[in-house]
Amino acid sequence: MPEGRNRGAPQLSFDELGTPLREVTFVVLDLETTGGSNRTDSITEIGAVKVRGGERVGELATLVDPGTGLAPHVVALTGITTAMVAGAPRLPEVLPSVLEFLRGAVLVAHNAPFDSGFLRAACERHGQLWPRPPVLCTARLARAVLPHDEAPSVRLGALARLFGTETTPTHRALADARATVEVLHRLLERVGNLGVQSLEELLALTRESAPHRPTSGQRRKRELARDVPSAPGVYLFRGPRDEVLYVGTSGDLHRRVRSYFTAGERRRRIRDMVTLAERVDTVVCAHALEAGVRELRLIAAHQPRYNRRSRRPHRGWWVVPTSEAFPRLSVVTTARDGAMGPFRSRQDAAAAVDTILDAVPLRPCTQRIPATGASATPCALHEIGRCAAPCAGLQTPRQYEPAVLALRDLTAGTDSTALGRLADRVHDLGERGRFEQAATHRDQLAGLILGLHRSQRLAALAAITELVGARPDGAGGWEIAVVRHGRLAAAGVARRGTPPMPVIDALSLGAQTVLPDDGPLRGAPAEEVHLLHRWLTTGGTRLVRAEPAWGEPARGAAAWMPWAEKARPVRGDPEEAGLS
């Protein structure tokens, strides 16, 4: 099996599970300071309360010596005097303990930007790494949850009076943190009425000052999720004419479908889709890989108007040599044997053609040239040595053949000499101080390498008649996939304690028959082949068997990927960059 890049486990489920609020650890924090600027003022007191599942699990409180006297108005507001902080520890001594107290928790504060801003600035000032915890502002949460006539003011004191908290805010850090804990718990009781059950939904609720709130009709539509199972799979929202509006996938179908009817859903087009939805169908799958593949296939089959990606799985652009006596490069939408691609746009494919022509002496013109008797006038490219002018009868098909073979070897990955010539040109231009030209050629070569790498890797997988992979499921069992010519032919799970080989043999025996088509991908959609390749080469997947053996070209573009990534860094998966 080819060695995969160490990118960690693939995100095969496009809708991640939320974190239930009962499992979230909150650190509710309050600071007292010498003023309002985190750049010029200092912290004088820190109070923090750690809570989880509604229970208090720890507290932290300390005065902090700011190194300066306190202004009279600060003393009047907080009751903290210069004498009180004179013997207190300085902030560099306190900060590590505060950061450790925050580790793995959500930072909660009333007017959170103020408190988190002071802590972040303190970390910068004293050489500590700011851990970037999720931040929840109870003032914003209150404004999102409480009607204005019930809570005209969302100041901490006003909310404490509204909820009748046991602790009264006093502008002392620990007391105010304790009061904020009570306010937080009362607000969490309210968000349940909005269908918010997870941390992700809670944070989304506070991102806008005027959040979307489900209408009564949308709240009634939560019944659509009632019979949805809590299992991995694919869900389909259907409209009033039974048409498929949207297809998605999740590791927990019930939780994901239910999330569409909460205030956490921000996407306008999805809210419009939910308004139209009359039914939700589900397809339970063995594991996330099967769910991802079925999602791609269902989107392609139904063309849901609210899905933006994967609607045309066979849409792509390919670079192919033409079938004539003097082949030239052509950009087409239908792949055939010997093609390179797919590229996501015609422009990308055309750029690859231009780069190849800089290294492989194929003719760039588009006219048809007979094998014998050509008598056209040579063009300017012949005069500068870029073309041997077969159009004028100055080159025979046999003399032209080495260029065709060089293209074939470059595409198949059996010879990367052409890439070496292009890299040498980039280096030479840089040595001569022609930096703009060097940068242009560098980017063009990087794009060609990425395209070749993707093409060769996917083609190698699609060429395999049958391949079986098994991945640990995290619970002592195995997720199993049978792949035939770049398509998922069967999927299953061998639970803990179940011998996997009989399960594998049964899956293989009953797997879908796949008849290969023409082209490098044997008719398989590029996105499906890419999804399978990523699953097979990451996350601890083991190759059980492959017929024929799975191998990728030793002299292919893979050896040039470090050069390409250094020359033109690609965010995320370089293969996926060309498929999205």
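**Aromatic pairs, cysteines and a buried helix**

The structure, a predicted model, holds 8 aromatic pairs. One of them joins Phe 114 and Phe 118, whose ring centres are 4.9 Å apart; with the planes at 50 degrees, the pair is tilted. Both residues belong to helix α4 (residues 112-125), where a spacing of 4 residues puts about one helical turn between them. Phe 114 is partly exposed, at 25% relative accessible area, whereas Phe 118 is buried, at 3%.

Phe 237 and Tyr 260 form an edge-to-face pair, with 5.0 Å from centre to centre and 65 degrees between the planes. This pair links distant parts of the chain: Phe 237 lies in strand β6 (residues 233-238) and Tyr 260 in the loop between α10 (253-259) and α11 (268-276), 23 residues apart. Phe 237 is buried, with a relative accessible area of 0%, and Tyr 260 is buried too, at 3%. Ring pairs also bring Tyr 235 and Tyr 246 into a cluster with Phe 237 and Tyr 260.

Rings meet charges as well. The charged end of Lys 50 sits over the ring of Phe 101, 4.6 Å from its centre, and Arg 454 lies over the face of Phe 343, 5.9 Å from the ring centre.

Turning to the cysteines, a search of the whole structure finds 0 disulfides. For Cys 379, the closest cysteine sulfur is that of Cys 387, at 5.7 Å, which is too far for a bond. Cys 379 is partly exposed, at 38% relative accessibility, while Cys 285 is buried, at 6%.

Finally, helix α6 (residues 156-163) has Leu 156, Ala 158, Leu 159, Ala 160 and Phe 163 as its buried residues. These pack against α5 (138-145) and α7 (173-191). Just after α6, Gly 164 adopts a positive phi of about 65 degrees.

Notes:
Residues numbered from 1 in each chain as written. Predicted model: local features only at pLDDT ≥ 70, side-chain atom pairs only at ≥ 80, totals over all residues. Heavy atoms only, no water. Disulfide = S-S within 2.5 Å. Buried < 20%, exposed > 50% of the residue type's maximum accessible area, 1.4 Å probe, protein only. Helix = DSSP H or I, 4+ residues; strand = E, 2+ residues; numbered from the N terminus. Contact = heavy atoms within 4.5 Å. Phe/Tyr/Trp six-rings, centres within 6.5 Å; stacked < 30°, edge-to-face > 60°. Lys NZ or Arg CZ within 6 Å of the ring centre and 35° of its normal.
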